Structure formats: structure tokens, C-alpha cells
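Reader: Please take one part of this model and go through it closely. I would like the cut-offs stated along the way.

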Amino acid sequence: RLPNLLVNGSGGIAVGMATNIPPHNLNEIVDACLHLLKSPEATIDELMEIVPAPDFPTAGIIYGLEGVREGYRTGRGRVVMRAKCHFEDIDRGARQAIIVDEIPYQVNKKTLLERIAELVNEKKIEGISHIQDESDKSGMRVVIELKRGEVPEVVLNNLYKQTQLQDTFGMNMVALIDGQPRLCNLKQLLDIFLEHRREVVTRRTVFELRKARERGHVLEGLAVALANIDQFIETIKSSPTPPVAKAALMGRNWDSGLVREMLSRVEGGHASYRPEGLPAHYGLQSDGLYRLSEEQAQEILQMRLQRLTGLEQDKIIGEYKDVMSQIADLLDILAKPARVTAIIGDELSAIRQEFGQTKVGARRSVVEHNATELGTEDLITPTDMVVTLSHTGYVKSQALSEYRAQRRGGRGKQATQTKEDDWVDQLFIANTHDWILCFSDRGRVYWLKVWEVPQGSRNSRGKPIVNMFPLQPGEKITVVLPLTGEARTFPADRYVFMTTAQGTVKKTPLEDFSNPRKAGIIAVGLDEGDFLIGAKLTDGQHDVMLFSDGGKAVRFDENDVRPMGRNARGVRGMALEPGQSVIAMLVAEDESQSVLTATENGYGKRTPITEYTRHGRGTKGMIAIQQSERNGRVVAATLVRPEDEIMLITDKGVLVRTRVSEIRELGRATQGVTLIALDDGAQLSGLQRIVENDANEPGPESATEEAGDAGEENA
């Protein structure tokens, strides 16, 4: 009665064939059988609504249904199973531990833990400090303690990737059907089971009918004897031996009104109530009299005298009537397939009622529908990185923690090794899981994840970025825009504001860049000889500031530029003198910020943003920093706060990290103070603001530096 092949599963290897059927939930399989009984034309998809996935006795998580559905449709598929885990704080919250509560089906716990220990010892999995098996009779509990500062989600993803904490059950639903091996889908297995139940119920009914007919035949003889008891006794008494008595009883016809009345009610004649193979001259005859068979005569001879009491006579007659009713019912079952179907359904429902209403019947394996394949990104710990891009197109990333804060004017630490004719153009801080939009000088944009940027040491140059994108001959990446936080999802209310070297500006919705393509897409249409110098994320509510290398700046409302499509060329943002170009674009967030400007000779200053008044776009702008032979061209401008730190980088690859609070705040028309001490022939190529601060406070040397600043400012 139980669909055992699906409920308990099966596995085996034979010659040239194998089977691997996963176990399922009793309630779900019974419900699917009942649905198929009511709707024989039900599709596999309908059945999968009832039976969504296998149900393993070791519980765990079924991760995704794509392979399961393929197995149910074709007979072959794969069930991805995951251990059920949760995180707990240990050492008073200083560290965390991964607690394994359930492991995948057919995974050996001892082997699993040994494998994890091997990977930790081989340093293929980082961040695990200790493994402890605390399982007992109450259930499984494996504690995987992590090192301080480790992200448990990343370590768990690595365990899923490299160990049997995530395993696969290969569905191969081969069954022997009529002696032949067949690969079956879910509906075929259920249909075959129901067909088997029809055969069993039919054969059982035929067997019960044969036994009921035989019993009814005997009871008919007893009923005839009771109706003629005096004559029967007289015949037996006058016979010298039992065989003679039997022959005498069988040698004449007897009258019985009860038997005649019962058999007269039979539909289609009493022949259907006769035992199989009984000769026609036995039983009720055409004249209404009854001829006893040998079996009936023998039963009468063996009947005890106590059965002649009135109560026993009533029992015999009552049993005879019951057997007649039973025969009628069994004949009805054989005549009506719908009754066989109802019996199968009732028996399945009884099994579900008996075994499916307890914890035994509850689903153990949890189905996680929104499953994604583990990508490389899932195995990477979120880390802040310093990404550098050189003028000739070498890119690399380094952990931000490699750099320490230094006093203004220090020599700094070598950030990257460059060739004699190369220098660093771009530098920014981003998380390993952030997107980077890479804009080329041809106005195209390419996508990159920070973790995809090759990591290098302080003495390495990095790798050519041309190898990471399908760039055209002569095309190079000039601007990179990291998408951090909410911008990582390309929301519709954010914009990319772009500026070209010739002063053209353009605003495009960020969602226009939400479909990464390997070949890249057009970001802005450019005039001949123009190229992109800046791109920023905005929300449409801020002011935009453009700075030229001639020391001028213009500030205007972002809404002065309407949103445009990716192919548009944009509008005039700043009017430039001959030979000048725009070197920076800033988005003003609030009036408490300062603008930090820097020149190629290592000088710079902070100026309150309030000193930059708002004008219409397309003007020549106002003075941002006084130009002089000492300062040289303006190379960078950025928005800062006193608590910020900045990174300064030279064209020789030297990088210095400095606190903004150590740089004097001066007016727009001043020349500034020394930001970095440059070697002979070196020039400052750019600066980048860092959000995080060092806890170190300025030392005593700050007073000496401030005194030097005063002299520089007067000069």
C-alpha cells in the first residue's frame, strides 16, 4: 500500500545500469497519488506543485530546484544539498563560530570534519581557528570557530565550495518494470505504482470472492439441512456407515425456502454465486429443489448437535446472508473500475492518517527556492582596496591596510613601480564586492568588479588594463567610477554626471548602465579631440563644480543639465581659455565641506566651499588657486572634511597618506602650502580622499610645520 520506491528511495549498481532514487516525504507522495487518481491527465508540473523536492531523513537544505525539476521531468537530474548552519558569537562577541546543525544526505560526519581540517592545514581555507564536534543524543552540533575579524558568510561559502557541506545527489530514476529496466519521470513512477495497486486490489478481490463463494456454498448446505433436519437425522441414523450416509444425502433433492428465497434475489441469476468448477447438477435446480454436493454433505455429517439449537441456527442463517451480501459487493467492485480507484484512495488516505500526522510525516529538508550558483565573489571577503591605474594602462589593487598615516611633507611609501615614461593617473578606494564603471577616452564604458582587479605588491606595476577589456587600438581607460553602497544595484533615481576635457557636461540615468556587456557600451558622444575626464554619481539635487588646469572653477546647479541618453554629446559646462582643459569635476554635497586643490609642484590648500558662489553653467568661472611658477598647473581638486585623510600620488609612483586637518584652510586667491615633498623631476599627479581615519593624533612636529606654512603663505 505504501509507494515505497519513492518514499524510501533506492540505490544500486548492476551490469550496465544503475539506479539512484532519492527518498521523499510520505504526505507529499500520497497527495500526488490521490491527485493523479482524481485527474489521470495531470501534468508533471502539476505534480511538482505537490512534490516540490525530495525529503531526506538527515534534513538539511535543498538548494535550488532547477536540477530537481529536470530529474522529475526526465528521470535524470541533480539535487544540490547544503548543511543547515547558523552563526553564534563566542569570546563575548569578539569572534564568531559557524554551527552545523544538519549535514547533507549520505555524508559521513567524521570524513567531513577530517576534510575540513586538511583544507585548513593546507591553507586552502582561511579564517578557521578550531573545529569541535559537540554532537550528542539530542542532535548534531559541530562548532567551527573563526579567527578574529573573519566574515562568517565568506568562510561558510568557502566550506560549501570545497567540502561536502554542499553535496549533490544524482537522480537516476531507473526501475524494473515488467522485468525490464526503464528510466521514469515522476508521473510515470506514480502511474506505475497506481497501476500496481489496481492489479493488487483486483486480484485480492478475486481471491476474496472465491473464498466467499466457497463459504456460501457450505452455508447453503447447512441451511438446507436445518430446513429438513428431521429427515436428515433419520437418513443418517438408518445408514450403516458414513459413506453410505453421505451418498444418501447426496442422492435426493431437498426443499429449502430460505435458500430459494436468497438466491431468487440475486441479479443475473444465482450462477455468479456458485463456486468455480461446481458441476451443474449440484445446487439449486430448476424445479426449486436443492441437490447437495460432496463438500456440503461432508460438512453436514461433521456438524455438531449443538448447532441444532435455535440460536446456532440463527447464526448460520445470519452468516449465510452476510456472505451473500459480501459476494454481491465483491462482484460490484470487479464490475466498476471507479470502485477500485476509490479503494486505492481510501487505503492511501489511511496510511497518511496513520503515519503522516506525526513528526514522522513532517517535511525535514528545507527547500531554498532562490538559490544561485556560488560564484567567485561569494568566496571573497569584503575588503577595502586601493586601486591604481597608470597613465599607460597598468592596473592593480592593494589592501588599504598596507598604508599608514604620515605627516604632511613626508617622503611617503612606494605605492607602485612604474616605467620611466609612465605615471599613475587614477587612484581610488573601493570594496572588493563593488562594481567599477571604466570609461575610456573614446566615450565607452566597461564593467569590472573590484575583486577582478589583479592584486600586486608595492613594487609591482600591475597588469595592463587592455587585457581586461576588448579595447579598440589606441583606446585607453581614462576614468573609473566605483559604485558603492546602494549604487551597486543601479537604482533609477541616480545619475552618472560626466565631464570632458573641453568643458562639455552630460547627465545620464545610472540604470542605463545596469546591463553589463563584455564589449562595453557608449557612455557619451565626443567631439573630435575631446576625451572624458570625470564621472560622478549624483541624485539630481546637488551642485556641480568644474576645475580647469588654469586655476579657475565654475559652480552650477545640477538641474541646469537635463538627463540625456547614452549617445548624446551633452551641453557646455565651462568656457576655457586656449590651451586650458578641465581637470576635475566635483559634486557638492553640503556647505560644510572644503575644496582641496593641488598643483603639479606639490602645493595645495583647503578653501571653504561657500567661497565658490553659484553661477550659470558655460561661464569661465572664478579663481580657485592662484597660479604661479612655484605652483605650476592645477592637477587635482576634491571635496574634503577636517576629519578626512587624503592620498597623494606622484608620477613616479610615490604615495603619501596625510590628514586633511594638517592642511591650512586658505582663501581662493592664495597659492597654498606644501602638500608633499617631491624628488627632483617628480610631479604630483593626483590625490584621493579616504573616508576612514587613523586614531593617531598629530605629534609635536605640527607646530614647526605650521610656522613654515605662514612663510609659504606670505610668499
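**Surroundings of Ser440**

Ser440 touches Tyr446, Glu475, Lys476, Ile477, Thr478 and Leu532, leaving aside residues up to four places away in sequence; contact means heavy atoms within 4.5 Å. This is a predicted model, in which local features need pLDDT of at least 70 and side-chain atom pairs count only at pLDDT 80 or more, while totals for chains, interfaces and linings use all residues. Residues are numbered from 1 along each chain as its sequence is written, and side-chain values use heavy atoms, with hydrogens and water left out.

Ser440 lies in strand S20 (residues 435-440). Strands (E, at least two residues) and helices (H or I, at least four) are DSSP runs, numbered from the N terminus. The relative accessible area of Ser440 is 0%, so Ser440 is buried; buried means under 20% relative accessible area, exposed over 50%, and partly exposed in between (1.4 Å probe, protein chains only).

Glu475, one of the residues that Ser440 touches, also has a polar contact, side chain to side chain, with Ser440 at 2.5 Å. A polar contact is a pair of N or O atoms within 3.5 Å; within protein, one must be able to donate a hydrogen and the other to accept it, and residues adjacent in sequence count only if both atoms are side-chain atoms.

Burial can also be described for a whole element. In helix H6 (residues 152-162), 8 of the 11 residues are buried, so H6 is largely enclosed by the rest of the structure. The buried residues of H6 are Pro152, Val154, Val155, Leu156, Asn157, Asn158, Leu159 and Tyr160.
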